[in-house]
Amino acid sequence: MENYYLKYEEQVKRSNRDRLLLHACCCPCSSHCIEVLADHFDITVFFYNPNIDTEEEYEKRFRELIRFVDEAPFARGTKLVKAPYDPESFHAIAAGRELEPERGSRCYDCYKLRLRKTAEYAMEQGFQCFTTTLSISPYKNAAWLNEIGCSLEQELRSEHPEAPYFLFSDFKKKNGYKRSIELSQEYGLYRQDYCGCIYSKAERERKKQGGA
């Protein structure tokens with residue numbers, strides 16, 4: 001199995017405060033990622049999550065990012081970009097797979113949708129690299145995320161040699177997920193118990209009610 005954290009550390013050594021576009025799914029997951037990246041990169045957080053079930057939830061998660069960046073000393077100077085709420089894009093890739101369990105092909109294509117938007121924005125805006133906070137979650141497949149990121153880098157560079165590189169990530173390593181929980185408690189962050197999509201919310205409700 002690939003050691004993505006080791007690959008990440010090797011890239012960090014070569015960084016000269018490269019401009020990094022960090023895709024973020026929510027503030028709690030972003031907290032530790034920003035903490036470990038801030039000393040090595042010029043970070044812009046990119047909030048693009050068309051899988052989120054309501055615009056109210058979308059705005060709530062982004063507001064927490066604004067507050068955290070303002071309050072956490074190590075996050076000061078981190079810039080934020082909020083992409084428009086675009087649920088139609090998610091529903092298009094989920095069509096026909098609404099009843100598929102979590103962590104299946106629907107989730108893979110959801111990761112790909114969000115990372116593609118991140119990679120394209122990074123290239124358009126002249127960033128040197130891009131990555132995502134998603135790998136901090138023990139419920140997300142880090143191998144998939146890194147596979148998608150590398151594929152997008154290669155795809156973009158086949159036409160644009162100056163396209164940004166993908167920063168490998170497995171932010172759950174070195175107790176990263178535990179640290180994100182500690183930071184969430186320290187700053188009183190809103191922590192949701194589902195990924196954001198209507199299907200994960202339904203699965204959460206079934207589990208709460210003792211269903212399969």
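**Salt bridges and sheet arrangement in the predicted model**

Glu 2 and Lys 7 form a salt bridge in which the closest N and O atoms are 3.2 Å apart; the term denotes a side-chain nitrogen of Lys or Arg within 4 Å of a carboxyl oxygen of Asp or Glu. The model is predicted, so that local features need pLDDT of at least 70 and side-chain atom pairs count only at pLDDT 80 or more, whereas totals for chains, interfaces and linings use all residues. Residues are numbered from 1 along each chain as its sequence is written, and side-chain values use heavy atoms, with hydrogens and water left out.

By the salt-bridge rule, the count comes to 14. Accessibility was classed as buried (under 20% relative accessible area), exposed (over 50%) or partly exposed (in between), with a 1.4 Å probe and protein chains only. In the pair described above, Glu 2 is partly exposed at 45% relative accessible area, and Lys 7 is likewise partly exposed, at 26%.

A further salt bridge joins the side chains of Glu 9 and Lys 174, with an N to O distance of 3.4 Å. This pair links distant parts of the chain, 165 residues apart: Glu 9 belongs to helix α1 (residues 4-14), and Lys 174 to the loop between β5 (165-166) and α7 (176-187). Helices (H or I, at least four residues) and strands (E, at least two) are DSSP runs, numbered from the N terminus. Glu 9 is partly exposed, with a relative accessibility of 27%, while Lys 174 is exposed, at 59%.

Within helix α6 (residues 142-159), Glu 153 and Arg 157 lie four residues apart, about one turn of the helix. Their side chains meet in a salt bridge of 3.7 Å, N to O. Glu 153 is buried, at 18% relative accessible area, and Arg 157 is partly exposed, at 34%. Elsewhere, salt bridges with shared partners join Glu 35, Arg 179 and Glu 182 into one network.

Strand β1 (residues 18-24) is mostly covered, six of its seven residues being buried. Seven bridges join β1 to strand β2 (residues 41-47), and the two run parallel; strands are taken to pair if DSSP finds at least two bridges between them. His 23 has Phe 46 as its bridge partner in β2. Together with helix α2 (residues 27-37), β1 and β2 make a right-handed β-α-β unit, where right-handed means that, with the strands pointing away from the viewer, the path from the first strand over the helix to the second runs clockwise.

Strand β1 is also joined to β4 (residues 129-132), in parallel, by four bridges. In β4, Cys 129 stands opposite Leu 20, and Thr 131 stands opposite Leu 22. The five strands of the open sheet follow the order β3-β2-β1-β4-β5, with parallel pairing. Strands β3 (79-82) and β5 are the edge strands, each pairing on one side only. Helix α5 (residues 105-124) packs on the sheet and touches β1, β2, β3 and β4, contact being heavy atoms within 4.5 Å. The direction of α5 makes about 160° with that of β4; axes are lines fitted to C-alpha atoms, for helices over the stretch in contact, and angles run from 0 to 180 degrees between N-to-C directions.
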